Amino acid sequence: MRDDIKDTVQICVMVVGAGVALIGLRTWQRQLIGTTHYELARRLLAGVYELQTEIGRFRSPFTAAAEEYEAVRAEDRLDEHKKELRDRGFSTAIGVEAVLRQRWARVVDIQSKLDVELLEARVLWPDQLSKAESSLRALRAELFEAVEAKIGSLHKSSLPFTTEHMDLLYATHSRPESDEVAKRLSVLVSMFEQECRKHLKRR
């Protein structure tokens with residue numbers, strides 16, 4: 001009789017222990033998944049903010065002499081640049097092109113890092129960011145086209161540099177309400193914020 005009671009108690013203890021372990025495992029799994037989603041949302045949103053800031057810098061119509069000098073030096077064209085400065089006495093085509101390429105390279109670098117996070121987001125959150133990502137790709141393609149058109153115009157190529165390209169490349173700080181690129185970028189950031197903030201609450 002006592003042995004039967006002892007066996008029953010041991011079985012009950014084992015069942016309860018297994019139940020507690022299972023509950024603990026499920027809780028741990030939920031926490032792990034929640035942490036994964038939280039960290040991805042945090043990294044993704046930080047990357048979007050960084051890209052927004054860098055595109056703002058890229059589109060600045062102001063170029064300091066020091067920035068132009070460093071950009072030309074990075075492309076190893078200082079001698080050409082100095083000669084053009086002597087001939088023209090002001091900012092040169094070489095300088096404009098070098099600054100444009102250097103600024104765009106920084107945008108591309110940040111976008112490349114963001115693309116890694118977006119790839120993971122496609123796995124964890126299928127279709128949640130597809131509209132935002134598509135809009136971002138479209139804006140990036142338009143900016144790249146404007147960069148190529150501007151550089152082409154400096155080399156007197158047949159590729160036209162239009163007023164639309166000008167509006168894409170340079171921010172209108174004097175009339176921010178008419179800066180369509182800034183508006184589009186702001187809407188894009190809001191789209192990412194809306195989706196990412198759903199995952200920024202720890203479970």
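Student: What should I know before I start?

Tutor: Residues are numbered from 1 along each chain as its sequence is written. The model is predicted, so local features need pLDDT of at least 70 and side-chain atom pairs pLDDT 80 or more, while totals for chains, interfaces and linings use all residues, and side-chain values use heavy atoms, without hydrogens and water.

Student: How many helices and strands does the protein have?

Tutor: Helices (H or I, at least four residues) and strands (E, at least two) are DSSP runs, numbered from the N terminus. Here there are seven helices and zero strands. The pattern along the sequence is α-α-α-α-α-α-α.

Student: What share of the residues is buried?

Tutor: Buried means under 20% relative accessible area, exposed over 50%, and partly exposed in between, with a 1.4 Å probe and protein chains only. Of 203 residues, 33% are buried.

Student: How do I read a nonpolar core?

Tutor: In soluble globular proteins, nonpolar side chains tend to be buried together. A nonpolar core is a set of buried Ala, Val, Leu, Ile, Met, Phe, Trp, Tyr and Cys residues joined through side-chain atoms within 4.5 Å. The largest one here has 33 residues, and Leu44, Phe58, Trp125 and Phe192 touch the most other members. Helix α1 (2-58) is among those that supply at least two residues. The largest share, eight residues, comes from α1. A second, separate core has six residues, including Ala71 and Leu78.

Student: Which residues of α2 are buried?

Tutor: First, the general idea. An α-helix has 3.6 residues a turn, so residues three or four places apart point the same way. In α2 (residues 65-74), Glu68, Ala71 and Val72 are buried. They sit on the same side of α2 because they cover an arc of only 95° around the axis, taken from the directions from the helix axis to the C-beta atoms. Exposed Ala66 and Ala74 lie on the face turned away from the buried side.

Student: How do I read an aromatic pair?

Tutor: Use the distance of the centres and the angle of the planes. Rings of Phe, Tyr and Trp (its six-membered ring) pair if their centres lie within 6.5 Å; planes under 30 degrees apart are stacked, over 60 edge-to-face, and the rest tilted. The count here is two pairs. Phe58 and Trp104 form a tilted pair, 5.3 Å centre to centre with 55° between the planes. Phe58 is in α1 and Trp104 in α4, so the pair ties together parts 46 residues apart in sequence. Both Phe58 and Trp104 are buried. With Phe144, they form one aromatic cluster.
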